[in-house]
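Dear colleague,

Please find below the structure that I am handing over to you, followed by a short account of what was found in it.

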Amino acid sequence: MDSMLLLYLMSELFPTQSRVIYIDHQLQSRSTEWGTLVQQHAESLNIPFILEKVSVEAGNLEQQARNARYQAYQQHLKSNEILVLAHHQQDQAETLLLRLFSGAGVYGLAAMQQFDVRSDLTIWRPFLQLSREQIAQWSAQLGFDYVTDPSNHDTHYDRAWCREQLWPVLQQRFPKMQAAVTRSSDLMQDAAEILDQVLQADWQHCATDRELDLIKLSQLSTARQRQLLSAWVKGNDQYRPSFDMVQRLRQEVILAKPDAQASLHINQHYFVRYQKKIYRLTQAERNAEKASSFPDVLMQHYEIGKTIDVAAGQFTIRPHKIGLSAQLLGRELSLIQRQGGEKIHLYGRVGSWPLKKAIQEAQILPWLRHTIQILVVDNVMLGVFSPKGFWLAQSEYLEQGGWQPSLISDCNDFFHQSISYDE
């Protein structure tokens with residue numbers, strides 16, 4: 001009834017700018033028949049009609065049906081279009097109660113917004129302040145046909161149970177409960193907006209998309225720490241992690257012993273602590289060292305202006321004030337995978353020291369150290385490719401006006417561009 005009333009409203013307000021999308025979840029035997037009814041109404045109002053059949057995955061049926069529905073919407077929405085939905089005041093109150101029962105915080109209890117601007121779509125809910133009784137009266141005046149989905153009364157589902165069994169009891173005791181609960185949602189939306197402003201400032205102070213500074217985090221109050229952790233872990237995912245998962249991140253990663261290999265897997269990512277920061281890693285980044293496909297020895301030729309790809313990233317060969325001899329250009333040089341135990345005499349420093357020590361001093365993250373490769377000619381170390389750049393080694397092949405590889409983008413950029421965090 002509410003969706004059909006919305007169709008009539010949009011045909012009056014925006015007769016040439018509206019389209020109707022009927023999502024057939026294929027969960028009811030008569031769903032095709034219902035689609036035909038919607039199509040007939042749309043055609044009578046000269047509104048374009050789209051039928052989209054979706055398959056609902058196993059699991060929580062209500063959640064999976066919602067996911068399938070929104071994925072279908074996004075397939076048809078253009079960049080300048082708004083998705084208009086018929087949620088009303090009782091839907092809002094039911095949403096708040098169900099989220100309250102699941103232990104939601106401010107953002108969850110803010111429930112649905114009348115104008116919901118997201119990164120991938122914008123939603124308008126014009127009926128959100130209307131009661132179901134008002135919608136029924138309006139619909140009766142227009143006198144159109146509509147269908148009531150029988151699953152709306154199936155108390156196996158949480159929302160139907162709330163509507164059929166809990167709602168009458170609460171409303172008998174608190175007749176104005178629906179409007180009051182909706183008002184609470186409005187107040188929570190105000191609180192969420194204020195919290196967002198604080199959260200944005202804390203994020204800029206403590207975090208980037210990939211890393212979180214634990215020293216700066218510790219300067220915040222416990223409540224602000226918890227909110228920032230929750231938002232940062234969520235990233236681009238649809239939902240925040242549970243309260244328990246945020247607590248686990250604090251106990252198992254942030255408060256773990258400094259020498260511990262502290263990490264936690266949440267949704268599609270690993271959250272790993274190294275020194276005084278937490279890093280967000282994809283599965284591919286986490287497993288990169290184990291799945292390394294780089295050969296132990298690779299023969300390469302170098303020319304001025306040439307761009308080369310190595311394990312640590314992308315480099316270009318450029319002239320340099322002090323660099324490798326021009327005699328090495330065009331010559332076959334060996335690129336050797338680091339094995340451990342190597343020593344390096346860095347240009348400008350006194351004496352040789354373990355390459356491992358140089359890597360630690362450069363603060364190269366442990367999960368990127370497998371990308372270290374050594375440039376060699378005739379068993380002489382010329383330098384080392386690292387995610388922080390090329391480290392020139394002291395050797396007889398150095399000269400003024402020589403050349404060096406210059407870092408363009410490191411392997412972090414490769415993962416970020418090609419994997420996009422699975423988000």
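The bend at a residue is here the angle between two axes, one fitted to the seven residues ending there and the other to the seven starting there. Helices (DSSP H or I, at least four residues) and strands (E, at least two) are numbered from the N terminus. The model is predicted, so local features need pLDDT of at least 70 and side-chain atom pairs count only at pLDDT 80 or more, while totals for chains, interfaces and linings use all residues. Residues are numbered from 1 along each chain as its sequence is written, and side-chain values use heavy atoms, with hydrogens and water left out.

Helix α7 (residues 158–173) bends by about 45° at leucine 166, and proline 168 follows within four residues. From first C-alpha to last, the 16 residues of α7 reach 21 Å, close to the 22 Å expected (1.5 Å times one less than the number of residues). Ala160, Cys162, Leu166 and Trp167 are the buried residues of α7 (under 20% relative accessible area, 1.4 Å probe, protein chains only). Their cover includes α4 and α8 (177–206).

Within α4 (residues 89–101) sits glutamate 94, which is buried at a relative accessible area of 0%. Beyond residues up to four places away in sequence, glutamate 94 touches Arg159, Cys162, Arg163 and Trp167 (contact means heavy atoms within 4.5 Å).

Elsewhere, strand β20 (residues 403–410) holds serine 409. Its C-alpha atom is separated by 8.8 Å from that of alanine 312, 97 residues apart along the chain. Neighbours within four places aside, serine 409 is in contact with Gly313 and Gln314.

Yours sincerely

Note on methods
Buried means under 20% relative accessible area, exposed over 50%, partly exposed in between (1.4 Å probe, protein chains only).
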